[in-house]
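Please have a look at it first, and then I will go from the overall picture to a couple of particular places.

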Amino acid sequence: MNYRHAFHAGNFADLAKHAALTVLLDRMTRIAGPLTVIDTHAGAGAYDLTGDMARRSGEAEAGIVRLMGAGDAPEAFEVLIAATARINEGAGVRLYPGSPMLIAASLRPGDRLIACELRPDDHAHLANLMGERAEILQADGFAIAPARIPGKTPVLIHIDPPYERGDDYRRCVQAAAEAVAKNSAACVMIWLPLKDLETFDRFLRDLETSVRRPVLIAETRLRPLDDPLKMNGCALAILSPPAGIEGPVGEICRWIAHNLGQNGGEARVWNL
Ligand SMILES: C[S@@+](CC[C@H](N)C(=O)[O-])C[C@H]1O[C@@H](n2cnc3c(N)ncnc32)[C@H](O)[C@@H]1O
């Protein structure tokens, strides 16, 4: 496991994923009954953008730093912008919040977060940061999600692997299929990189045949998908999406593509 999210924290893909996650949480915390959120690949929880890894990649400069300085960001970014301002105590953009922090900040009393992180160092950082606000496991999130999903109460599963392994696309689909088999109303958000069309199409076909549920696809393309070695964009596949999220999720993807993409990028939100 070589992947370190600290290199990528606050990049364009984190903005798409994290802003969409806050939109989903806003909708799902309006549903009566306790909400369970399972963050299968939680990372370290918060990232120092002045640290060696973030400075070497420069990705946050082209992401969250641009967003925090923009005067025209749509309302759908409001929660992410507020969380970033809060963690930085209103001064600059030195720290960036990861998915478990953003999730925990949205939950009501009685809701719960289960967060999995396999790397010992990132797991220790996360456990220390979150304290009693979540159940933090050093365990395989692909196995924990189907094992811990409640059968009846509302649930949101966030699947965000590093895609270091060739079978990560398949494992995402499999975890989603197992989750909806146990709780047919489960909302599952899978994040994936967009490199080339063939890989993306294969993932979509697999998802469509394995998970017979409504799926919203949100694509943010920074440039054409013609170089499989580059992350040319990112996508979200949202199973059983709450009503009315197409609008705000579309605004998120469009703002990122237009402001951070090459020649205006491209954004697409559509039903699989
Ligand atoms: C893309 S990062 C997560 C970023 C985080 N979700 C966020 O948005 O802030 C993926 C993380 O998954 C961890 N990881 C890799 N395989 C895992 C597995 N099978 N189960 C749990 N964590 C895993 C990696 O160590 C890495 O920290």
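Predicted model: local features only at pLDDT ≥ 70, side-chain atom pairs only at ≥ 80, totals over all residues.

Going through the secondary structure, we find 10 helices and 10 strands in the chain. The radius of gyration is 17 Å, close to the 19 Å that the globule rule gives for 272 residues, so the chain is as compact as a globular protein of that length. As for how the chain meets itself, 77% of the contacts with a separation of 6 or more are accounted for by residues 24 or more positions apart.

Now to the two places I mentioned. The loop between β6 (155-159) and α8 (168-182) holds Y163, which has a positive phi of about 55 degrees although it is not a glycine. Is Y163 buried, partly exposed or exposed? With 17 other C-beta atoms within 10 Å, Y163 is partly exposed.

The other place is N263, which sits in the loop between α10 (246-260) and β10 (266-271). N263 is not a glycine either, and yet its phi is positive, at about 50 degrees. Around N263 there are 9 other C-beta atoms within 10 Å, and since 12 or fewer is the cut-off for exposed, N263 counts as exposed.

Notes:
Residues numbered from 1 in each chain as written. Helix = DSSP H or I, 4+ residues; strand = E, 2+ residues; numbered from the N terminus. Rg over C-alpha atoms; globule rule 2.2 N^0.38 Å. Contact = placed C-beta atoms within 7 Å. Buried ≥ 20, exposed ≤ 12 C-beta atoms within 10 Å, placed from the backbone.
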